[in-house]
Amino acid sequence: MVEQVLKDIFRIEVPLPRSPLKYLNSWVIKGGGRFLIVDTGMNRPECKEALLAGLKDLEVDPDKCDFFMTHLHADHCGLCGIAPQSSKVYFAEKDALGAFNVPVIGAPEYHLYAASGFPIAEMDIALKNHPGNIYGPTIRPFTFIVDGQKIDIGDYHFECFMTPGHTPAHMCLLDREKKVLIGGDHILIDITPNITNWMALPNPLKHYISSLDRVYALDLDLVLPGHRRIVREYRERIDELKAHHQARLAEIVRGLESGAKDVYHIAPYVTWDIKVKNWAAFPPQQKWFAFGETLAHLAYLEGDGKVRRVTEKGHITFELV
């Protein structure tokens, strides 16, 4: 599906089969003979077919396109390899490198999660089915971007606007004059962005909340997100997202009131939006994501001085201070 949302800005709905995200919003900005595509979908045939069909409907020649990747997740950057060698593929360096450094068996994250209670057999299944390992991008040259860098396309004068938290170097595109932010997965409606553990970003939840505050201070009419509906009341949504994480932090504290636990045994105390009977029934892939979220929230509480990490004989637990 293709729709126009603003003058010279169009949305291509790229399906994400068997994913709870359902689809990606790929944004196409038309310029004077040159075009910019923001995010692409996974590196799989269904995504490629939908993206190319949408470009054809818009009479956009891929050879005249540059590409902007908001962040490292495969559903956003997996198809960046379709960019012609003459095209620029804009990407924040830390996330560009992270796109090819996804968790695998034996990686540092693997050992951290194992020490924190994640059963090895379940973790092996989760990593073998990790989208980044199956649908990630092919290696190609990137044009690295930094916070504040300008990218002009047609009547739009975008500023690269870094919002770390969801990933280490998540990057939005901001046009201050037109009051529009192309926001990737920073602010989503109906669903909440996954805030997980990152080896390259200590205390990611603290970074995420700071990034939300940075966007809150902007004067915007629209946030064009990576998934689901356009966000209009962005400050209201930011308040909701912050309240969501405060509620999750409170659930974790309550889970520790009965004594120290590892992450695997803290996660069941958190309310998850998944239709299964209990924590044990979580599919390994979803358990991996929930585990990372729990660990990120524990890191926030640890940084806030409310919990402490205890390591004994290679086993990591957390307890209330």
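## A threonine and its polar partners

In this predicted model, the side chain of Thr 70 makes a polar contact with the side chain of Asp 39, at 2.8 Å. A further polar contact, at 2.9 Å, links the side chain of Thr 70 to the side chain of His 71.

Is Thr 70 buried or exposed? Its relative accessible area is 1%, and because buried means under 20%, Thr 70 counts as buried. Setting aside residues up to four places away in sequence, Thr 70 touches Val 38, Asp 39, His 76, Asp 95, Ala 169, His 170, Met 171 and Gly 184.

Strand 4 (residues 35-38) and strand 5 run parallel and are joined by 4 bridges. The open sheet as a whole has 7 strands in the order 1-2-3-4-5-6-7, with mixed pairing. Strand 1 (2-6) and strand 7 (143-145) are at the edges; each has a single partner strand, so one side of each lacks a neighbour in the sheet. From one strand to the next, the twist averages 30 degrees. Helix 1 (45-57) packs on this sheet and touches strand 1, strand 2 (9-15), strand 3 (23-30) and strand 4, its direction making about 155 degrees with that of strand 2.

Moving on past strand 5, we find 2 bridges joining strand 5 to strand 6, again running parallel. Here Phe 67 stands opposite Val 89 in strand 6. Which way do the residues of strand 6 (residues 89-92) point? Val 89 and Phe 91 point one way, Tyr 90 and Ala 92 point the other way, and all are buried.

## Pro 62, on the way into strand 5

Pro 62 sits in the loop between helix 1 and strand 5. With a relative accessibility of 27%, Pro 62 counts as partly exposed. Beyond its neighbours within four places in sequence, Pro 62 is in contact with Leu 52, Leu 55, Pro 84 and Ser 87. The C-alpha atoms of Pro 62 and Ala 83 are 7.1 Å apart, although 21 residues separate them along the chain.

Strand 8 (residues 150-153) and strand 9 are antiparallel partners over 4 bridges, with Lys 150 bridged to Glu 159 in strand 9. The hairpin of strand 8 and strand 9 has 2 residues between the strands, and Gly 154 in that hairpin takes a positive phi near 60 degrees.

Strand 9 also pairs with strand 10 (residues 171-175), in the antiparallel sense and over 4 bridges. Glu 159 has Leu 174 as its bridge partner in strand 10. How many of the 7 residues of strand 9 (residues 156-162) are buried? The count is 5, so strand 9 is largely enclosed by the rest of the structure.

## Helix packing around helix 10

The buried residues of helix 5 (residues 120-128) are Glu 122, Met 123, Asp 124, Ala 126 and Leu 127. They pack against helix 4 (108-115), helix 6 (131-134), helix 9 (263-266) and helix 10 (284-303). Helix 4 and helix 10 also pack against each other, at an angle of about 80 degrees and with their axes 12 Å apart; these two helices are therefore roughly perpendicular. Glu 109, Leu 112 and Tyr 113 of helix 4 meet Trp 288, Phe 291, Gly 292 and Leu 295 of helix 10. By class, this contact has 5 nonpolar, 1 polar and 1 charged residues.

Helix 8 (residues 234-256) is another partner of helix 10: their axes come within 10 Å and cross at roughly 85 degrees. That makes helix 8 roughly perpendicular to helix 10. Among the residues making the contact are Leu 249, Ile 252 and Val 253 of helix 8, and Thr 294, His 297 and Leu 298 of helix 10. The residues of the contact divide into 7 nonpolar, 4 polar and 2 charged.

Note on methods
Residues are numbered from 1 along each chain as its sequence is written. This is a predicted model: local features need pLDDT of at least 70, side-chain atom pairs count only at pLDDT 80 or more; totals for chains, interfaces and linings use all residues. Side-chain values use heavy atoms; hydrogens and water are left out. Buried means under 20% relative accessible area, exposed over 50%, partly exposed in between (1.4 Å probe, protein chains only). A polar contact is a pair of N or O atoms within 3.5 Å; within protein, one must be able to donate a hydrogen and the other to accept it, and residues adjacent in sequence count only if both atoms are side-chain atoms. Contact means heavy atoms within 4.5 Å. Axes are lines fitted to C-alpha atoms, for helices over the stretch in contact, and angles run from 0 to 180 degrees between N-to-C directions. Angles under 35 degrees count as roughly parallel, over 145 as roughly antiparallel, 65 to 115 as roughly perpendicular and the rest as oblique. Ala, Val, Leu, Ile, Met, Phe, Trp, Tyr, Cys and Pro count as nonpolar, Asp, Glu, Lys and Arg as charged, and the others, Gly among them, as polar. Two strands pair if DSSP finds at least two bridges between them.
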